[in-house]
Amino acid sequence: MANQLEIRNLYASIEGGEQILKGVNLVVPRGQVHAIMGPNGAGKSTLGKIIAGDPSYTIEKGEILVDGENIMEMEPDERARKGLFLAFQYPVEVPGVTNANFLRLALQARKGEEVSVMEFYNKLQKALEVLEWDESILTRYLNDGFSGGEKKRNEILQLMVLEPTYAILDETDSGLDIDALKVVAKGVNAMRSPNFAALIITHYQRLLNYIIPDVVHVMVDGRIVTSGGPELALKLEAEGYEWVKELVVTGS
Amino acid sequence: MELTSTLSRDLVLEVSKKLNEPQWLLEQRLAAWETFAKLPYPTTRTEEWKYTDITEVPFEGLPLEEPTDVPLRTREELPEAVQARIAQADLAGFVVFVGPQLVYAELPEELTRQGVVLTSLHEALKSHPKQVQGALFKTVNASDLVGSQKNRPENSKIPALGSALFTHGVFLYVPQGVEFSKPLGVFKYLGGNALSVGRTLIVSEANSQAVYIEEYISPTKVPASVNLSATELVLGSGARVRHAHIQTLGEGFYHFHRQRAHLGRDATLNDLVVNMGATISRAEVQSQMLGAGSYSEMLGLYFTAGNQHVDHYTLQHHVADHAYSDVLYKGAAKDRSRTVYAGLIKLEPGAQKTDAYQTNRNLLLSPDARADSVPQLEIGANDVKCSHGSSTAPVDAMQLFYLMSRGLPRHVGQQILVKAHLADVLTRIPIEPLRQHIEGIIEEKVKL
């Protein structure tokens, strides 16, 4: 069984609207961190949401394989149980359920079994420590009234408690100040292991100073146009996206 | 509506006689019977019943559930569903009715010593005749229609039947200055297959404080059955009453409830109506701010499934000045169920400096579910603050996707979103065990 997240020739459009992904190919093996960079509107976030099972997109062609298994027909919860996780660009507010209750429900759903209070709190404690957060966050309603930074940090808290195999971080860095950014990076780095892979979707190179990627992909107009090492991110930061757009035009 | 009716004037005479009632009460019953007999049933052509069709309701096709002399029961002999509620509810005291019969009562001596009464209405007719006669039919009666409802007298048809033929009731009396904050409860267990008619009278004298919960419980499924209830609340100056009407009747029940509170000067009512059960239920919940500075919070919760139909009408009738009222009714509907809400804020010319708010919000869990909402204002005063609003929306696909992307199955995600939708009402229920009970009902219902 292939221990990797694989996207094969993926074409997708917004439901009843324009085509956004135009033949994406991507392999993220366990043990690696990949970044996808690209200009606004390139389809980066769409790719993340489609992998997680966002129902507002229509898939026209292609496959998404988790450890060799096609997950295209699976509901989002089933995909989560297969080990996928999406840290949302805009986490949703859900009043009425506390952060702690939600996390415990999610952990039980992910594991498919009861999780003892002890085990749950041990995980939580460790995660809170890394994220330099205090317990008061647990009794607040899920993302309800959270600041932008708190919401992002809460995504990483969920990531750390749920321990997925493949995590997609959708612009988790946008809107974060440098201290918050470092905390988020610390959380992701704490997850790194031979059994964990991350796909970091970002517009800026900034986060990649703190989470060093193994591979950087550049996405333009619904396709990955070039890939390289961490130095590619630095080049994009220095030179902008104009030169990669030309790659699209020349078709290379 | 039926070729032969199970109801008649003779039945009114018989019930009153069986209950050894005083003459004044018999006369009230007979007057109500006259009203009932001359009025047609409301139909979907009646403005207030536009969305609720009651042609299938066998008002006159069922035997009236009449009281018999049964002995009191021990706590262990109470229906299991009631015992479970008692165990969870953490009440200061409670009374249990099985059908029309009071079968069990447990009241703290501390309250009875101070003159608090919680008993059957007919017991109270003997022990507290003056208090009962002074208040019974004062708020809910055949001529209680307000505003444009007066033009459609058939709105009194069902309450008139309730007044003419009630077979049992509850009387809660809180003397002047007596205060308690731990709830008293009444559990009404209905077996079904009958017409049940009950009445509750709550009199809270000046500067008293009371907390009262009334729950309707039955088997989960019964043959066609009708339950009529009326609740009258009379709050003296400065009285503070927290009142809850919790309906969890089984499938097969048709439940019709009318309640009205009269609020005296600076009186406060915190009202909660929860309609979760029955095939068709309609609750008319009304507060009349008769005293200056009175305050009425009116909360409503409902969640329908299958083919259920629930209909709420609220009235905030401001007669005096400087009063405040706030209606917040929230519900959810799944499957093919329907919910209806209509509300009226009516301000009389003397109701200056009124603050009145009315909000109704509905969440639809399926494309076949439907919610109708009709908020209304009738403002006769000019120096007031009033607002009303309503909304109906399907479950937010993004919220559901977020929850499911964390591994939660669809039904658990929906459960969380229903609770989230109802959260601002739930958090305004300070009685913790009651709130937990309601949350439990919601959780069960999402799973169905």
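How many of the 15 residues of strand β8 of chain B are buried? The count is 11, so strand β8(B), residues 221-235, is mostly covered, where buried means 20 or more other C-beta atoms within 10 Å of a residue's own, exposed means 12 or fewer, partly exposed is in between, and C-beta atoms are placed from the backbone. Strands here are DSSP runs of E with at least two residues, helices are runs of H or I with at least four, and both are numbered from the N terminus.

Some ground rules. This is a predicted model, in which local features need pLDDT of at least 70, side-chain atom pairs count only at pLDDT 80 or more, and totals for chains, interfaces and linings use all residues. Residues are numbered from 1 along each chain as its sequence is written, while chains are lettered from A and ligands numbered from 1 in the order in which they are written.

Confidence next. Chain B averages a pLDDT of 95, and 99% of its residues score at least 70. pLDDT is the predictor's confidence in each residue, from 0 to 100. For the complex, the predictor gives an ipTM of 0.95 and a pTM of 0.88.

Back to β8(B). On one side, β8(B) pairs with β6(B) in the parallel sense over 10 bridges. Two strands pair if DSSP finds at least two bridges between them. In that pairing, L195(B) stands opposite V226(B). β8(B) also pairs with β10(B), residues 251-263, again parallel, over 12 bridges. There, L233(B) stands opposite A261(B).

Now one residue in β6(B). I202(B) sits in this strand, which spans residues 195-204. I202(B) is buried, because 26 other C-beta atoms lie within 10 Å. Leaving out residues up to four places away in sequence, I202(B) touches L172(B), Y212(B), E232(B), L233(B), V234(B), V241(B) and H243(B). Contact means C-beta atoms, placed from the backbone, within 7 Å. From I202(B) to Q376(B) is 174 residues in sequence and 28 Å in space, C-alpha to C-alpha.

Annotations. An unreviewed UniProt entry places "domain: SUF system FeS cluster assembly SufBD core" on residues 193-420 of chain B. That span is 8% helix and 63% strand, with its end C-alpha atoms 37 Å apart. UniProt, also in an unreviewed entry, lists "domain: SUF system FeS cluster assembly SufBD N-terminal" for residues 22-184 of chain B. This span is 33% helix and 15% strand, and its end C-alpha atoms lie 28 Å apart. UniProt positions are in the numbering used here, feature names are shortened, and annotations may be inferred rather than shown by experiment.

On to the interface. 18 residues of chain B are in contact with 23 residues of chain A. On the chain B side, α8(B), 397-404, and α9(B), 410-426, are the elements that give two or more residues. The largest share, seven residues, comes from α9(B). By class, that side has 12 nonpolar, three polar and three charged residues. Ala, Val, Leu, Ile, Met, Phe, Trp, Tyr, Cys and Pro count as nonpolar, Asp, Glu, Lys and Arg as charged, and the others, Gly among them, as polar.

Last, chain A. Chain A has eight helices and 12 strands. Its C-alpha atoms fill a box of roughly 55 × 40 × 35 Å along the principal axes. Of its 252 residues, 42% are buried. Among chain A contacts with a separation of 6 or more, 73% join residues 24 or more positions apart.

Definitions and conventions:
Two residues are in contact if their C-beta atoms, placed from the backbone, lie within 7 Å.
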